[in-house]
Amino acid sequence: MKSALKSASTAMRRWLAFYQMRSLEINLDGAIEILPNVRCTETRLRMLLAIRRMQHDLSKARAHYTSLLPVGERRVWDLA
């Protein structure tokens, strides 16, 4: 019973980490897509800072998700 609860808990944490990672990827993609349409210099600079922060957060989320994978299983991504 204990191992079933532990595996269910691990699966739930892995799913939540995957959901957070995908949410960051979608948000980052939208920000990069809309950036060429921004004309205000100040807003553009703030968006660039936000994009850099999202990239950093995405790399942290990917590392967290990878740490929850079973031993010997590894995911590789292009760029954050």
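**Figure 1. Helix H2, end to end.** Helix H2 covers residues 41–67, and its 27 residues should span 39 Å at 1.5 Å a residue; the end C-alpha atoms are 39 Å apart, so expectation and model agree. The expected span here is 1.5 Å times one less than the number of residues in the helix. This is a predicted model, with local features needing pLDDT of at least 70 and side-chain atom pairs counted only at pLDDT 80 or more, while totals for chains, interfaces and linings use all residues. Residues are numbered from 1 along each chain as its sequence is written, and side-chain values use heavy atoms, with hydrogens and water left out. Helices are DSSP runs of H or I with at least four residues, strands are runs of E with at least two, and both are numbered from the N terminus. By that count the protein chain has 2 helices and 0 strands.

**Figure 2. The buried residues of H2.** Met47, Ile51, Met54, Gln55, Leu58, Ala61, Arg62 and Tyr65 are the buried residues of this helix. Buried means under 20% relative accessible area, exposed means over 50%, and partly exposed is in between (1.4 Å probe, protein chains only). As background, an α-helix has 3.6 residues a turn, so residues three or four places apart point the same way. Ala50, also found in helix H2, counts as partly exposed because its relative accessibility is 35%.

Figure 3. Zoom in on Leu28: leaving aside residues up to four places away in sequence, Leu28 touches Ile51, Met54, Gln55 and Leu58. Contact means heavy atoms within 4.5 Å.

**Figure 4. Two aromatic pairs.** The structure holds 2 aromatic pairs. In one of them, the rings of Trp15 and Tyr19 have centres 5.6 Å apart and planes at 20 degrees, so this pair is stacked. Trp15 and Tyr19 are 4 residues apart in helix H1 (residues 2–34), which means about one helical turn separates them. The rings of Phe18 and Tyr65 also pair, with centres 5.6 Å apart and planes at 50 degrees, so this pair is tilted. Phe18 in helix H1 and Tyr65 in helix H2 are 47 residues apart, so the pair links distant parts of the chain. For the cut-offs, rings of Phe, Tyr and Trp (its six-membered ring) pair if their centres lie within 6.5 Å; planes under 30 degrees apart count as stacked, over 60 as edge-to-face and the rest as tilted.

**Figure 5. Around Phe18 and Tyr65.** Phe18 counts as partly exposed at 31% relative accessibility, whereas Tyr65 is buried at 8%. The C-alpha atoms of Phe18 and Ser67 are separated by 11 Å, though these residues are 49 apart along the chain.

**Figure 6. Ile32 and Leu48.** Ile32 lies in helix H1 and is partly exposed, with a relative accessible area of 43%. Its C-alpha atom is 8.7 Å from that of Leu48, 16 residues away along the chain.

**Figure 7. Stepping back to the whole chain.** The C-alpha trace spans about 60 × 20 × 15 Å along its principal axes. Buried residues make up 24% of the 80 residues in the protein chain. Among contacts with a separation of 6 or more, 54% come from residues 24 or more positions apart.
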